[in-house]
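Here is a short briefing for a reader new to this structure. Look it over first, then read on by topic.

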Amino acid sequence: MTTTVANDLVIAIHYCLKNAAGDIIDQSEKDQPMEYIQGAGNIIPGLEQALTGKSIGDHCEVTVNPEDAYGMHEPQMVQQVPREMFQGVDTIEVGMNFQSQGPDGQAMMITVTAVEEDLITIDGNHPLAGQSLHFAVDIVSIREATEDEKQHQHVHSASCNH
Ligand code: ZN
């Protein structure tokens, strides 16, 4: 019987994530705990580490520093670009998100953080970069990962189609 959190196990948790100001940023759905594979990097490293060795039924309050969550806020990821870069977008407003390409060609999300005349300031940092995160976690269930899941390093659910 598998009852404590360890690598290669599928852990189902209910969680509530708050930022340093105490605002709820994210939480699991009421009757649907989130499942992840411990040790597979499915969740942020700081949380994974904090849950290691916990048991079914445990309630944990975990504060994760930015370095162990979404990283520090990197000033060089903030840029000013000309409005012409946003062709086809009629109105550009602070808070809008756009899909962009990072330096290695990977998809990244950018956020508009300032608009002045023809100069748009964009921020490629994760919206939670630089923030300490507070998690309240209940461990609901633990099971062995299937061979496929171990190979893919993610949980297979009924909605998974590969
Ligand atoms: Zn898969």
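Helices (H or I, at least four residues) and strands (E, at least two) are DSSP runs, numbered from the N terminus. This is a predicted model: local features need pLDDT of at least 70, side-chain atom pairs count only at pLDDT 80 or more, and totals for chains, interfaces and linings use all residues. Residues are numbered from 1 along each chain as its sequence is written, and side-chain values use heavy atoms, with hydrogens and water left out.

**Overall build**

- The protein has nine strands and two helices.
- Read from the N terminus, the order is β-β-β-α-β-β-β-β-β-β-α.
- The C-alpha trace spans about 65 × 40 × 30 Å along its principal axes.
- The radius of gyration is 19 Å, whereas a compact globule of 162 residues would have one near 15 Å. This radius is taken over C-alpha atoms, and the globule rule is 2.2 Å times the number of residues to the power 0.38.
- Contact means heavy atoms within 4.5 Å. Of the contacts with a separation of 6 or more, 62% join residues 24 or more positions apart.

**Surface and burial**

- The accessible surface comes to about 9900 Å², and carbon and sulfur atoms hold 47% of it. Such areas come from the Shrake-Rupley method with a 1.4 Å probe; for residues, only the protein chains shown count as cover.
- Buried means under 20% relative accessible area, exposed over 50%, and partly exposed in between (1.4 Å probe, protein chains only).
- By that rule, 33% of the 162 residues of the protein count as buried.

**The largest pocket**

- A pocket is found on a 1 Å grid over the protein atoms alone: it is an open set of points where a 1.4 Å probe fits, with protein on both sides within 12 Å along at least five of seven lines. Lining residues have an atom within 4 Å of a point.
- The largest pocket has a volume of about 220 Å³. Grid points are joined across faces, edges and corners, and the volume is the space filled by probe spheres set on the points.
- Its lining has 15 residues, and Gln-79, Ser-100, Gln-101, Ile-110 and Ile-122 lie nearest the centre.
- Two or more lining residues come from each of β5 (78–82), β6 (97–101), β7 (107–116) and β8 (119–123).

**Backbone with positive phi**

- Most residues other than glycine have a negative phi.
- Asp-8 is not a glycine, yet its phi is positive, at about 70°. Asp-8 sits in the segment before β1 (9–18) and is partly exposed, at 35% relative accessible area.
- Glu-117 is not a glycine either, and its phi is about 45°. Glu-117 lies in the loop between β7 and β8. With a relative accessible area of 70%, Glu-117 is exposed.

**Residues to locate**

- Asn-19 is in the loop between β1 and β2 (24–27). Is Asn-19 buried or exposed? Asn-19 is buried, with a relative accessible area of 16%.
- Beyond its neighbours within four places in sequence, Asn-19 is in contact with Ile-25, Gln-131 and Ser-132.
- Glu-116 belongs to strand β7 and is partly exposed, at 45% relative accessibility. Its C-alpha atom is 9.4 Å from that of Arg-83, 33 residues apart along the chain.
- Glu-74 lies in the loop between β4 (59–64) and β5.
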